[in-house]
Amino acid sequence: MKIFYDQAVQFVTCLSLGEKKKMFYDLAKIIQKHQHLTQRKHTWSDRIFFSTKTYQHYKQLLLFKNNHNDELIIREVHQTNLFTHHAHFEVFLNFKEIPFDYVNILFNILKTELYTIEFA
């Protein structure tokens, strides 16, 4: 986790203020959707509908690039199989797959950097 934290700090420091704000709000949406997907239960009618098809499609793709040409790609994948429906997120940093925890680390860094009140 320390390696991911160092990479996240390095990634965030190379972003402009506008890019940081946009990334913060996009990551907030992604984290909220990830929590919803992990808690969702399907009804019987959903399972019957999903059993008719077997396919995989990409719902959403987010691309972030900083000044040092580091790329962060987050894509939401929906996959349906017999009686099941799976949705998950794939996270790539410079075309290497990394765990979703990296998104949470980035979000926390951005939150503390953007919304910390300093008293003089």
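How are helix 1 and helix 4 oriented to each other: parallel, antiparallel, perpendicular or oblique? The close-ups below take up that question, using a predicted model.

**View 1. Helix 4 from end to end.** Here we follow helix 4, which covers residues 101–114 and so counts 14 residues. From its first C-alpha to its last, helix 4 reaches 20 Å, close to the 20 Å expected at 1.5 Å a residue. Its buried residues are Tyr102, Val103, Ile105, Leu106, Phe107, Ile109, Leu110 and Leu114. As a reminder for reading this pattern, an α-helix has 3.6 residues a turn, so residues three or four places apart point the same way.

**View 2. Helix 1 crossing helix 4.** Helix 1 spans residues 2–13, and its axis comes within 9 Å of the axis of helix 4. The two axes cross at roughly 50 degrees, and the two helices are therefore oblique to each other. Their crossing is right-handed.

**View 3. The residues where helix 1 and helix 4 touch.** On the helix 1 side, the contact is made by Phe4, Tyr5, Gln7, Ala8, Val9, Phe11 and Val12. Helix 4 contributes Tyr102, Ile105, Leu106, Ile109, Leu110 and Glu113.

**View 4. Tyr115, in the segment after helix 4.** Tyr115 has its place in the segment that follows helix 4. With a relative accessible area of 45%, Tyr115 is partly exposed, because that term covers values between 20% and 50%. Leaving aside neighbours within four places in sequence, Tyr115 is in contact with Phe24, Tyr25 and Leu110. Leu110 is also one of the buried residues of helix 4.

Key:
Residues numbered from 1 in each chain as written. Predicted model: local features only at pLDDT ≥ 70, side-chain atom pairs only at ≥ 80, totals over all residues. Heavy atoms only, no water. Helix = DSSP H or I, 4+ residues; strand = E, 2+ residues; numbered from the N terminus. Expected span 1.5 Å × (residues − 1). Buried < 20%, exposed > 50% of the residue type's maximum accessible area, 1.4 Å probe, protein only. Axes fitted to C-alpha atoms, helices over the stretch in contact; angles between N-to-C directions. Parallel < 35°, antiparallel > 145°, perpendicular 65-115°, else oblique. Left-handed = near helix turned anticlockwise from the far one by under 90°. Contact = heavy atoms within 4.5 Å.
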